[in-house]
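Here are my notes on the model, as numbered points. Please read them with the coordinates open.

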Amino acid sequence: DDVEILHLEYPLANIGSNVEQWSAYHSGIGFRSLTNGVSFSLDFRPVNPEHVMDFVRPFLSSSGFWHWTKFNVNWRNDAYLACEEGIPARFENASTIGHVKGKGLYGVVDLCLEYRAKNSVFQPITVIRDLNYTQLSSQTCYDFVQDVIYYLFDEGAVYTSEEADMVFRDV
């Protein structure tokens, strides 16, 4: 069975002025059977996406008085991996980026289980100590999609070579 690989996205926010706009997007990856049209989508999501700053800084609270004050540091960047039947309408853009044989999808389940076990927070920042060592890697929807794309390439996926079909984003 031939399966279409879709890059999925929807806009989160437009930031900027009348002169220059910058858009932030949420990304996922979708699959559609070319034989029977059955489809599903995968995406890595923050649990509380309403406040983007919660992903990059902790929430601080305190109790007590003066030098007896106790500070609590809580992160609100929990995330989870979602799988849905079909291609949800919220993904306004669904671009075909390639094709893979159905058997190439078998390992995607294991990849998702491994990704979920290793990535429980939505972390949009990468920290690089020097050019040869990454101290902390980002963990975002784009990182998940990229991991799936690389995995499927190793499983024989063929990706588009038409520039008009390629998806470019500043991440």
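**Notes on the predicted model**

1. Start with Asp-143. Beyond its neighbours within four places in sequence, Asp-143 is in contact with Tyr-115 and Ser-138. This is a predicted model, so treat each distance below as computed from it.

2. Where does Asp-143 lie? Asp-143 sits in helix H2, which covers residues 141-154. Asp-143 is buried and has no salt bridge. The nearest side chain of opposite charge belongs to Lys-118, and it is 14 Å away.

3. Asp-143 does have polar partners. Its side chain makes a polar contact of 2.7 Å with the side chain of Ser-138. A polar atom of the Asp-143 side chain also lies 2.8 Å from the backbone nitrogen of Thr-140.

4. Arg-45 is another charged residue to check. Arg-45 belongs to strand S3, residues 39-46. Is Arg-45 buried or exposed? Arg-45 counts as buried because its relative accessibility is 16%, and the cut-off for buried is under 20%.

5. The side chains of Arg-45 and Asp-43 are joined by a polar contact of 2.8 Å. Not counting residues up to four places away in sequence, Arg-45 touches several others, including His-26, Asp-78, Tyr-80, Glu-84, Arg-90 and Phe-122. Ala-79 and Ala-82 are also among them.

6. Which residues make the nonpolar patch of about 370 Å²? They are Met-53, Val-56, Ile-125, Val-127 and Leu-136. Val-127 lies in strand S8, residues 127-130. Val-127 is partly exposed because its relative accessible area is 36%, between the 20% and 50% cut-offs.

7. Lys-70 lies in strand S5, residues 70-74. Leaving aside neighbours within four places in sequence, Lys-70 is in contact with Ser-61, Ser-62 and Ser-63. Lys-70 and Asp-154 are 84 residues apart in sequence, and their C-alpha atoms are 51 Å apart in space.

8. Now the whole chain. It has two helices and 10 strands. From the N terminus, the order is β-β-β-β-β-β-β-α-β-β-α-β. The C-alpha trace spans about 70 × 45 × 35 Å along its principal axes.

9. Some totals to close. Of the 171 residues in the chain, 33% are buried. The chain exposes about 11,400 Å², with 53% of that supplied by carbon and sulfur atoms. Among contacts between residues at least 6 apart in sequence, 64% join residues at least 24 apart.

Conventions: Residues are numbered from 1 along each chain as its sequence is written. This is a predicted model: local features need pLDDT of at least 70, side-chain atom pairs count only at pLDDT 80 or more; totals for chains, interfaces and linings use all residues. Side-chain values use heavy atoms; hydrogens and water are left out. Patches are made of residues with over 30% relative accessible area and no salt bridge: like charges are joined within 9 Å, nonpolar side chains (Val, Leu, Ile, Met, Phe, Trp, Tyr) within 5 Å. Accessible areas come from the Shrake-Rupley method with a 1.4 Å probe; for residues, only the protein chains shown count as cover. A salt bridge is a side-chain nitrogen of Lys or Arg within 4 Å of a carboxyl oxygen of Asp or Glu. Helices (H or I, at least four residues) and strands (E, at least two) are DSSP runs, numbered from the N terminus. Buried means under 20% relative accessible area, exposed over 50%, partly exposed in between (1.4 Å probe, protein chains only). A polar contact is a pair of N or O atoms within 3.5 Å; within protein, one must be able to donate a hydrogen and the other to accept it, and residues adjacent in sequence count only if both atoms are side-chain atoms. Contact means heavy atoms within 4.5 Å. Lys and Arg count as positive and Asp and Glu as negative; His and the chain ends are not counted.
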